[in-house]
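Please read the report below alongside the sequence and the model.

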Amino acid sequence: NSLGSGVRSCLEGGRTGGNAEGKNEHYPMTSSDSSHDSDRVAFVIDIDGCLSREGVPIAGSSEALRKLQELGIPHVFCTNGGGSLESERAERLSRTFGVDVSGDQVVLSHTPLRTRSCVNS
C-alpha cells in the first residue's frame, strides 16, 4: 500500500480503514469541515517502500506530502534504516519530495535509543 493511494483517498474527501472483516470502508469528511479533521488525524509515513523505492519517489507521493503540509495535517516519517542523522535524512527528504521536512519529523531505527541515552546521561 503506497502513500500515493492511501493518503490521497483521505485528502480527497474521506478516510479509509479496515472493518472487522478486513475490508476497507470509506469514512466521508463533510465539505463544511474546513480543517479536514487535522486535529484528529495525523500520519506516520514509512519512507522505504511506501513513500519511495530505492530513493525514487512513488507516483503521487510528492503531491500527497504537499497536500498534508498545505492542510496542516501533522505527519512524521519513519524507517528502519539508519546510518545518518535525522536532520540529514530530513534534508534528503526535502530535496527528493520538494517539501519542508525537519529533523524532528524523522524517526530512524536508532532514534529511540539515542533519545533514551540522552535522557539517561
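Thr111 is found in helix 4, which spans residues 111-120; helices here are DSSP runs of H or I with at least four residues, strands are runs of E with at least two, and both are numbered from the N terminus. The model is predicted, so local features need pLDDT of at least 70 and side-chain atom pairs count only at pLDDT 80 or more, while totals for chains, interfaces and linings use all residues. Residues are numbered from 1 along each chain as its sequence is written, and side-chain values use heavy atoms, with hydrogens and water left out.

Thr111 counts as buried because its relative accessibility is 13%. Buried means under 20% relative accessible area, exposed means over 50%, and partly exposed lies in between (1.4 Å probe, protein chains only). Not counting residues up to four places away in sequence, Thr111 touches Glu86 and Val106, where contact means heavy atoms within 4.5 Å.

| Thr111 group | Other group | Distance |
|---|---|---|
| Thr111 side chain | Glu86 side chain, polar contact | 2.5 Å |
| Thr111 side-chain polar atom | Leu108 backbone nitrogen | 2.8 Å |

A polar contact is a pair of N or O atoms within 3.5 Å; within protein, one must be able to donate a hydrogen and the other to accept it, and residues adjacent in sequence count only if both atoms are side-chain atoms.

The next topic is the core. A nonpolar core is a set of buried Ala, Val, Leu, Ile, Met, Phe, Trp, Tyr and Cys residues joined through side-chain atoms within 4.5 Å. The largest one has 16 residues, of which Ile45, Leu51, Leu65, Phe77, Leu93 and Val101 touch the most other members. Strand 3 (43-46), helix 2 (61-71) and helix 3 (86-97) each give two or more residues to this core. Helix 3 supplies the largest share, three residues.

In helix 2, the buried residues are Ser61, Ser62, Ala64, Leu65 and Leu68. They fall within an arc of 165° seen down the helix axis, so they line one face of helix 2; the arc is that of the directions from the axis to the C-beta atoms.

Three strands form an open sheet in the order 3-6-7, with parallel pairing; two strands pair if DSSP finds at least two bridges between them. Strand 3 and strand 6 (residues 75-78) are joined by four bridges, and Phe43 has His75 as its bridge partner in strand 6.
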